[in-house]
Amino acid sequence: MKNYPFYVWIASLFGLGFIPSGMPGTVSSFAACVVSAFVDVPLWAIIAISIIGVWATDKSEKFFNRKDPSFLNIDEVPGMWITIYLLPKSFIIPGFFLFRLIDILKPWPVSAMEKLPGGWGIMADDILGGVMGNIILQVINAYLYNSGWVYGLIQAMK
């Protein structure tokens, strides 16, 4: 990686975004999955990475004078972690594919989040995509395994 400023290093997920894979979002989402396979990522870490990501991507976007360049891929990390938050480890692989599908298709309101300015637009669509993915997986978890916060919500309403 060239001598880019520190915030570019952070926004590119420590240079992972510069690897010529043609799929930087998929690569960084996979990296987030690997971490979550070994560590239960706490909510405070997801929030911290999101805040740092807004700052780093905003500064990097201005540095390169380009809107949402693909090598700025820290946004995939909180999106992926939110997708599988409070779910069993067995949901990591389905969560990976669901998050990538949502991130590629960008259904409304995910697509609307991209219009936010600077780093907010880069991070917000993946965070909202993660929330959508988590709700879908929580419903599946409730239906198949009678588990998770959606199941608890259904039980509380009875």
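At 52% relative accessibility, Phe14 counts as exposed, a class that requires over 50% relative accessible area, whereas buried means under 20% and partly exposed lies in between (1.4 Å probe, protein chains only). The model is predicted, so local features need pLDDT of at least 70 and side-chain atom pairs count only at pLDDT 80 or more, while totals for chains, interfaces and linings use all residues. Residues are numbered from 1 along each chain as its sequence is written, and side-chain values use heavy atoms, with hydrogens and water left out.

**Backbone features in the loops**

Phe14 lies in the loop between H1 and H2; helices here are DSSP runs (H or I, at least four residues), numbered from the N terminus. Although Phe14 is not a glycine, its phi is positive. A positive phi is also found at Asn65, again not a glycine. Asn65 belongs to the loop between H3 and H4, and with 69% relative accessibility it counts as exposed.

| Residue | Phi | Relative accessibility |
|---|---|---|
| Phe14 | about 60° | 52% |
| Asn65 | about 55° | 69% |

Another backbone feature is the cis peptide bond that joins Trp108 and Pro109, with omega of about 10°. Pro109 is placed in the loop between H5 and helix H6 (110–113).

**Packing of H3 with H4**

Helix H3 (residues 43–64) packs with helix H4 (residues 76–83) at an angle of about 155°, and their axes are 9 Å apart. Axes are lines fitted to C-alpha atoms, for helices over the stretch in contact, and angles run from 0 to 180 degrees between N-to-C directions. H3 and H4 are therefore roughly antiparallel to each other, the class for angles over 145 degrees. The contact (heavy atoms within 4.5 Å) is made by Ile46, Ile49 and Ser50 of H3 together with Val77, Pro78, Trp81 and Ile82 of H4. By class, this contact of H3 with H4 has six nonpolar residues, one polar and no charged. In this scheme Ala, Val, Leu, Ile, Met, Phe, Trp, Tyr, Cys and Pro count as nonpolar, Asp, Glu, Lys and Arg as charged, and the others, Gly among them, as polar.

**The nonpolar cores**

The largest nonpolar core has 26 residues, and those with the most contacts inside it are Met80 and Trp81. Such a core is a set of buried Ala, Val, Leu, Ile, Met, Phe, Trp, Tyr and Cys residues joined through side-chain atoms within 4.5 Å. At least two residues of this core come from each of helix H1 (6–11), helix H2 (24–38), H3, H4, helix H5 (92–105) and helix H7 (118–145). H3 supplies the largest share, five residues. A second, separate core of six residues includes Leu87, Phe91, Ile102 and Leu137.

Leaving aside neighbours within four places in sequence, Met80 is in contact with Ser29, Ala32, Cys33, Ile92, Gly95, Phe96 and Phe99. Thr83 has its place in helix H4 and, at 0% relative accessibility, counts as buried. With neighbours within four places again set aside, the contacts of Thr83 are Gly95, Phe99, Gly129, Gly130, Gly133, Asn134 and Leu137.

**Packing of H7 with H8**

H7 and helix H8 (residues 149–157) pack at an angle of about 65°, with axes 7 Å apart. On the H7 side the contact is made by Asn134, Ile135, Gln138, Val139 and Ala142, and on the H8 side by Trp149, Val150 and Tyr151. These residues divide into six nonpolar, two polar and no charged.

Technical notes
Parallel < 35°, antiparallel > 145°, perpendicular 65-115°, else oblique.
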